[in-house]
Amino acid sequence: SAVPAETRARIEALKAERDAVILAHYYVEPEVQAVADYVGDSFYLAKLAKSLPQQTIVLCGVEFMGESAKLLNRTKTVLLPEPAADCPMAHMVQRATIDAARAEYGDDLAVVCYVNSTMKIKSWSDVCVTSSNAVKIVRELPQSHVLFIPDRNLGRFVAEQVPEKHVILNDGCCPRHEAISLAELQELKREHPEALVLAHPECTAAVLAEADYIGSTAGIIAYAEQSAAQEFIVVTVQGVLYELERRCAASGKRFFVTRTPPTCGDMDGITLEKLVRCLETGSGAVEIGVDEAAAQRAQATLDRMLEYAA
Ligand code: 13P
Ligand code: SF4
């Protein structure tokens with residue numbers, strides 16, 4: 001992540017010219033995290049975007065992150081350095097699934113959508129959640145039935161933590177977390193029997209059954225930082241290693257990932273070159289489109305998350 005001094009200086013000058021601030025998710029490339037003003041998990045980035053004074057927010061993350069920042073800040077310019085970077089799971093639910101659940105349970109149903117979802121899906125939902133607040137929010141909802149979309153893995157994890165609610169799952173998932181191999185994880189555990197296993201709730205049930213801690217990217221980082229243990233097996237996209245190693249460098253803690261390192265091809269598309277080009281040209285601006293009613297409903301869904309999570 002050695003970013004040349006002239007590149008850093010160029011980015012600083014462009015930021016000042018545009019009155020821009022750079023936000024990045026923990027999954028993006030180290031050199032992008034290294035030049036960002038703020039780095040965090042999905043919830044932190046959404047919440048933070050609402051409190052920044054700059055007129056332009058450059059979001060180094062996938063499309064739904066930029067879209068959420070724009071929905072929460074309609075008067076601002078939100079730029080995506082790689083607008084083609086899109087989370088495949090963000091599309092994995094059909095309108096018919098929601099209609100069927102609403103028809104069955106009426107007012108006693110809350111449609112809870114993971115922030116990894118399109119504006120349209122958010123507009124069909126009652127409240128948004130991220131992996132760092134999903135358990136708390138679902139627990140606090142007044143309704144006794146919950147349709148959790150799109151992620152069946154996070155949905156199942158939440159259902160286990162909140163047994164008093166009837167949680168209906170939907171058949172979406174993160175293909176990158178689903179691809180993490182149980183056999184490779186078990187092999188790694190045998191190699192490092194002292195290591196604690198820290199996993200993201202987008203992983204499969206079989207993988208989560210091996211975990212000592214389950215949480216969001218920020219949760220995993222905070223857990224490792226505070227833990228007395230010295231070795232950790234990290235079961236999520238390997239981009240988090242940059243922050244883990246940065247924060248834990250002094251303590252000599254060691255982090256391991258499976259033999260096939262988990263990557264997210266979409267997050268990998270956000271490169272330092274694209275970030276610089278985006279600052280130069282102002283390209284990649286998030287547009288909400290013509291469906292203003294849907295935008296307002298999606299914004300309300302996000303606002304409800306911020307209220308519940310407060
Ligand atoms: P968090 O950073 O909120 O844990 O989300 C992980 C993720 O997959 C984002 O797409
Ligand atoms: Fe989407 Fe999975 Fe990539 Fe996160 S890691 S952005 S959930 S595809």
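Visitor: What conventions apply to the model and its numbering?

Guide: This is a predicted model, in which local features need pLDDT of at least 70, side-chain atom pairs count only at pLDDT 80 or more, and totals for chains, interfaces and linings use all residues. Residues are numbered from 1 along each chain as its sequence is written, while chains are lettered from A and ligands numbered from 1 in the order in which they are written.

Visitor: How is a pair of packed helices described?

Guide: Two packed helices are described by the angle between their axes and the distance between the axes. Helices are DSSP runs (H or I, at least four residues), as are strands (E, at least two), numbered from the N terminus. Axes are lines fitted to C-alpha atoms, for helices over the stretch in contact, and angles run from 0 to 180 degrees between N-to-C directions. Here the axes of α4 (residues 63-72) and α16 (residues 292-309) cross at roughly 95° and come within 9 Å. Helix α4 is therefore roughly perpendicular to α16, a description used for angles of 65 to 115 degrees.

Visitor: Which residues of α4 and α16 meet?

Guide: Contact requires C-beta atoms, placed from the backbone, within 7 Å. Ser68, Leu71 and Leu72 of α4 meet Ala295, Ala298, Gln299 and Leu302 of α16. By class, this contact has 5 nonpolar, 2 polar and no charged residues. Ala, Val, Leu, Ile, Met, Phe, Trp, Tyr, Cys and Pro count as nonpolar, Asp, Glu, Lys and Arg as charged, and the others, Gly among them, as polar.

Visitor: Is Ile57 buried or exposed?

Guide: A residue is buried if 20 or more other C-beta atoms lie within 10 Å of its own, exposed if 12 or fewer, and partly exposed in between, with C-beta atoms placed from the backbone. Ile57 is buried because 26 other C-beta atoms lie within 10 Å. This residue is in strand β3 (residues 56-60). Not counting residues up to four places away in sequence, Ile57 touches residues including Val21, Leu23, Ala69 and Val78.

Visitor: What backbone feature does Asp19 show?

Guide: Asp19 has a positive phi of about 50° although it is not a glycine. Its place is in the loop between α1 and β1 (20-25). With 12 C-beta neighbours inside 10 Å, Asp19 counts as exposed. Beyond four places away in sequence, Asp19 touches Gln54, Gln55 and Thr56.

Visitor: Which residues come nearest to each ligand?

Guide: A residue is near a molecule if its C-beta atom, placed from the backbone, lies within 6 Å of it. Of the 14 residues around ligand 1, Asp41, Ser42, Ser131, Ser216 and Thr217 come nearest. That shell divides into 4 nonpolar, 8 polar and 2 charged residues. Around ligand 2 there are 13 residues, of which Val62, Cys87, Cys174, Arg176 and Cys264 come nearest. Helices α9 (175-178) and α14 (265-268) are the elements that give two or more residues to the shell around ligand 2.

Terms used: Parallel < 35°, antiparallel > 145°, perpendicular 65-115°, else oblique. Contact = placed C-beta atoms within 7 Å.
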